[in-house]
Amino acid sequence: MTEMNENNFNDIRSPEENPGDQTRKAPEKPNSSSKRWGTLIGMGAVFGLVAGGVMWGVNTIGSQVYPQRQIAATETLSAADSSAGSQNSSGNQSGDSSSSASTEDKGSVAAVAKNAMPSVVTISTLSVEEMRSFFGGTQQFEVEGAGTGVIVGTNDTELLIATNNHVVEGARSLSVGFIDETTAAGEIKGTDVNNDLAVVAVKLSDIPDETMDQIKVAVIGDSDDLVLGEQVVAIGNALGYGQSVTSGYVSALNRDLTLTDESGNTINSTGLIQTDAAINPGNSGGALLNMKGELIGINEAKTGSTNGTSVDNIGFAIPIDKAESSLKELMNLPTREKVGEDQASFLGIQGQTVPSDVTQLYGIPGGVIVASVTEDGPAANAGVLQGDIITAFDGRSVASMEQLQDTLQYYAAGETVTITVQRRDDKGSYQSVSLSIILGSAKEANQSSSQSN
């Protein structure tokens, strides 16, 4: 079995390679109210949205797997066998379809799916939505959602799974389902809002030995080598029913799309792979594979039309060569869990999300603009100024005030973190500034506020 090291994403490439964004309509999600990402892009996940935020577990990153918990990589199917087992666009085996052996030829859709399925997982989420009641006010409802993930690595304590940010955004809890239908709790290790990527961690100690023997780490391919008309296979948790397999071709390359989520955050997805392999709600975060069984994309979105009619066979995936650097960083982040009320922290600012239309019209960076700074508060002492735009917190991208508030729930008072702000200079340009801030105590701040009142 192959030993994985999350500090080097290239370690999960195939042995041969490593010897040592336009607006679209969102699909409706099952078991929840209809959500939309703009008017045309349909996100391929089924998920419940609340204000952006992230959750992390308690384990620290290690560099190698304990011998008794090693996970093998999926195989790379040979190019010669791939041509022998090619299929047509409908997914039917060319040649004698009556032969049961033909469907197992290396390089066939059946063989690619069988080989890759141990590396693909289902992701079930539980989130909370607020809805206005008939009598005024709002009510909160728990919403279940579903998406997909791909096992891309391990460390000494965790299994690491790549998915889309919009699959896990706002989730209060996560459940990961494996090929043998066992499940384990997952935690969001880190998110990259701007590239719609996330990494989910599952403790190895929570995974049964029998399951460990069946799951595998996906072998990474080279999406830069893709050509128009090349056959691909998509695997994902379509409609939340469980893993399904579709096949098609690379329809176009380097597609640029503008995605707008429920919180108003705008994501400019560039360089996407367009495919006619069916991408449906629940497929987001799943695997797009070449005919060698290598992971060459993370499925992200499907397309609808402006007049409400269905548009088939136009789906999009994030190329793995584009996602690789972001996933590597997320895989190496320390995981965290929510702190108790006695340890709750605060920044000492009043802020608001920079609207996407303001970003587009005036070129103002997306993030949280600081409306005011509390005198002698943590932010003021760190040098944060009114008008600064917070774009990152402890290495994690910040796209909205809600996300920043939720992120703070995982940091204790007294911790020192680095925040990144965009600050306007005398010429009207924005410059990136990194500031070190010691988080204050929310409990003490609330006590001080009530005493002053």
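This is a guided tour of the model, stop by stop, with what to select and what is there.

**Before you click**

What you have open is a predicted model, so local features need pLDDT of at least 70, side-chain atom pairs count only at pLDDT 80 or more, and totals for chains, interfaces and linings use all residues. Numbering runs from 1 along each chain as its sequence is written, and side-chain values use heavy atoms, with hydrogens and water left out.

**The whole chain**

Start with the cartoon view. The secondary structure comes to nine helices and 21 strands (helices are DSSP runs of H or I with at least four residues, strands are runs of E with at least two, numbered from the N terminus). Of the 453 residues, 50% count as buried. Buried here means under 20% relative accessible area, exposed means over 50%, and partly exposed is in between (1.4 Å probe, protein chains only).

**Stop 1: the cores**

Select Val-150, Ile-235, Leu-289, Leu-295 and Leu-327. These have the most contacts inside the largest nonpolar core, which has 34 residues. A nonpolar core is a set of buried Ala, Val, Leu, Ile, Met, Phe, Trp, Tyr and Cys residues joined through side-chain atoms within 4.5 Å.

**Stop 2: a covered helix**

Next, pick helix α2, residues 109–116. This helix is mostly covered, with six of its eight residues buried. Color Val-109, Ala-111, Val-112, Ala-113, Asn-115 and Ala-116 to see the buried set.

**Stop 3: salt bridges**

There are five salt bridges in the structure (a side-chain nitrogen of Lys or Arg within 4 Å of a carboxyl oxygen of Asp or Glu). In general, side chains of opposite charge can pair when their charged atoms come close.

Move on to Asp-388 and Arg-423, whose side chains meet in a salt bridge at 2.8 Å, N to O. Asp-388 sits in the loop between α7 (378–382) and β17 (389–393) and Arg-423 in strand β19 (residues 416–424), so the pair ties together parts that are 35 residues apart in sequence. How covered are the two partners? Asp-388 counts as buried at 2% relative accessibility, while Arg-423 is partly exposed at 21%.

One more: show the side chains of Arg-396 and Asp-394, which form a salt bridge at 3.3 Å, N to O. Arg-396 is buried at 3% relative accessibility, and Asp-394 is partly exposed with a relative accessible area of 25%.

**Stop 4: positive phi**

Stay on Asp-394 and check the backbone. Asp-394 lies in the loop between β17 and β18 (396–397). Its phi is positive, about 55°, although Asp-394 is not a glycine.

Now jump to Leu-239, in the loop between β8 (231–236) and β9 (244–260). Leu-239 isn't a glycine either, yet has a positive phi of about 60°. At 37% relative accessibility, Leu-239 is partly exposed.

**Stop 5: Ser-284 and His-166**

Select Ser-284, in the loop between β10 (266–275) and β11 (287–289). Which side chain does the side chain of Ser-284 make a polar contact with? Show His-166: the two side chains are in polar contact at 2.9 Å. (A polar contact is a pair of N or O atoms within 3.5 Å; within protein, one must be able to donate a hydrogen and the other to accept it, and residues adjacent in sequence count only if both atoms are side-chain atoms.) Ser-284 is buried, with a relative accessible area of 0%.

**Last stop: Met-401**

Finish at Met-401, in helix α8 (residues 401–408). Met-401 counts as buried at 14% relative accessibility. Draw a C-alpha to C-alpha distance to Val-368: these residues are 33 apart in sequence and 5.6 Å apart in space. Setting aside neighbours within four places in sequence, the contacts of Met-401 are Gly-351, Gln-352, Thr-353 and Val-368.

How values were computed
Contact means heavy atoms within 4.5 Å.
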